[in-house]
Amino acid sequence: MLRTAAGYIHADPHWWRKILIGGALSLTLIGGIFSAGLVVEQMDNARRGFPTPMPPWVAWSSRALIGLFALMIDILYALMPWLVALIMFFCGAFALVIAGNGAWANLVAVAFGVVLAVWMLVVFLLGVAPLGRLIFIDDSSPERALSSAPLREALRRDAWRHYLRARLVSLPAYGPFVALASLSGWIATHSVPGVGLALLVSLWLCGSALLYAHLVVAQVYVLAEQRVGGVVPRAG
């Protein structure tokens with residue numbers, strides 16, 4: 001599936017240009033919503049039978065709106081648990097510190113950190129975010145995608161193996177991003193000639209590599225969805 005998914009991306013003669021544009025947008029404060037919108041549109045085209053070429057950089061307002069809804073799915077399953085856990089942690093830890101139980105406060109902090117790390121790993125491996133985007137495309141509205149439907153779809157008895165395999169198969173697509181992120185970290189912590197420009201270029205390439213990974217993952221999950229016969233449709 002990975003080879004097929006990457007092949008669809010590379011079949012577009014302008015794939016590298018479109019991805020570099022997305023990487024440049026990621027350097028801005030709100031540029032990520034445009035890249036997320038591009039990924040959703042790519043998924044929609046692939047589901048319709050047109051996995052290549054990639055969508056052009058047009059219709060910026062609608063793409064921003066689509067990307068905003070896509071990022072809201074990520075926030076729901078990634079950031080919201082962190083916010084809830086932090087509130088609970090500060091309340092509990094503060095009470096323990098006031099009571100003079102500093103050791104227990106440290107233990108609570110470690111426990112919350114472990115639980116959150118496990119949650120993030122499970123959500124990532126289950127592919128909740130790409131499945132939420134597939135549900136968003138299937139319904140043409142964000143309501144069900146922002147509910148527990150993506151998690152239920154990821155755990156569906158006759159489909160979860162295919163979705164888990166899709167995630168594991170797509171992991172190598174993140175390789176360039178990991179390498180470039182490491183390079184960016186090295187540049188930021190070392191005094192090298194032209195460090196500012198070098199860091200800017202490395203971050204640009206890092207954002208481009210992450211967009212490339214998301215596009216490949218999107219294609220892989222579309223292929224996985226086809227194998228299970230599609231996501232569970234809206235009731236009624």
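**The loop between α3 and α4**

Start at P53, which sits in the loop between α3 (31-47) and α4 (60-98). Helices here are DSSP runs of H or I with at least four residues, strands are runs of E with at least two, and both are numbered from the N terminus. This is a predicted model, in which local features need pLDDT of at least 70 and side-chain atom pairs count only at pLDDT 80 or more, while totals for chains, interfaces and linings use all residues. Residues are numbered from 1 along each chain as its sequence is written, and side-chain values use heavy atoms, with hydrogens and water left out.

Show the backbone from T52 to P53: the peptide bond is cis, with omega near 0°. In the loop between α3 and α4, also select A59. A59 is not a glycine, yet has a positive phi of about 50°. Most residues other than glycine have a negative phi, and most peptide bonds are trans. Is A59 buried, partly exposed or exposed? A59 counts as partly exposed because its relative accessibility is 44%; the cut-offs are under 20% for buried and over 50% for exposed, with partly exposed in between (1.4 Å probe, protein chains only).

**Aromatic rings**

Next, select F34, W57 and W60, which ring pairs link into a cluster. Rings of Phe, Tyr and Trp (its six-membered ring) pair if their centres lie within 6.5 Å; planes under 30 degrees apart count as stacked, over 60 as edge-to-face and the rest as tilted. The structure holds six aromatic pairs. One of them is the stacked pair of Y163 and Y221, with 6.4 Å centre to centre and 15° between the planes. Y163 is in helix α8 (residues 160-170) and Y221 in helix α10, 58 residues apart, so the pair links distant parts of the chain. Both Y163 and Y221 are buried.

**E153**

E153 counts as buried because its relative accessibility is 3%. Leaving aside residues up to four places away in sequence, E153 touches L131, I135, A159, Y163, G230, V231 and V232, where contact means heavy atoms within 4.5 Å.

**Two helices against α10**

Select α2 (residues 15-25) and α10 (residues 195-228), whose axes lie 7 Å apart at an angle of about 120°. Axes are lines fitted to C-alpha atoms, for helices over the stretch in contact, and angles run from 0 to 180 degrees between N-to-C directions. That angle makes α2 oblique to α10. On the α2 side the contact includes W15, K18 and I19, and on the α10 side W204, L205 and G207 are among the residues. By class, the contact of α2 with α10 has nine nonpolar residues, four polar and one charged.

Residues of α9 including P176, F177 and L180 meet residues of α10 including V195, A198 and L199.

**The whole chain**

Finally, zoom out: the protein has ten helices and zero strands. Of its 236 residues, 39% count as buried.

Definitions and conventions: Angles under 35 degrees count as roughly parallel, over 145 as roughly antiparallel, 65 to 115 as roughly perpendicular and the rest as oblique. Ala, Val, Leu, Ile, Met, Phe, Trp, Tyr, Cys and Pro count as nonpolar, Asp, Glu, Lys and Arg as charged, and the others, Gly among them, as polar.
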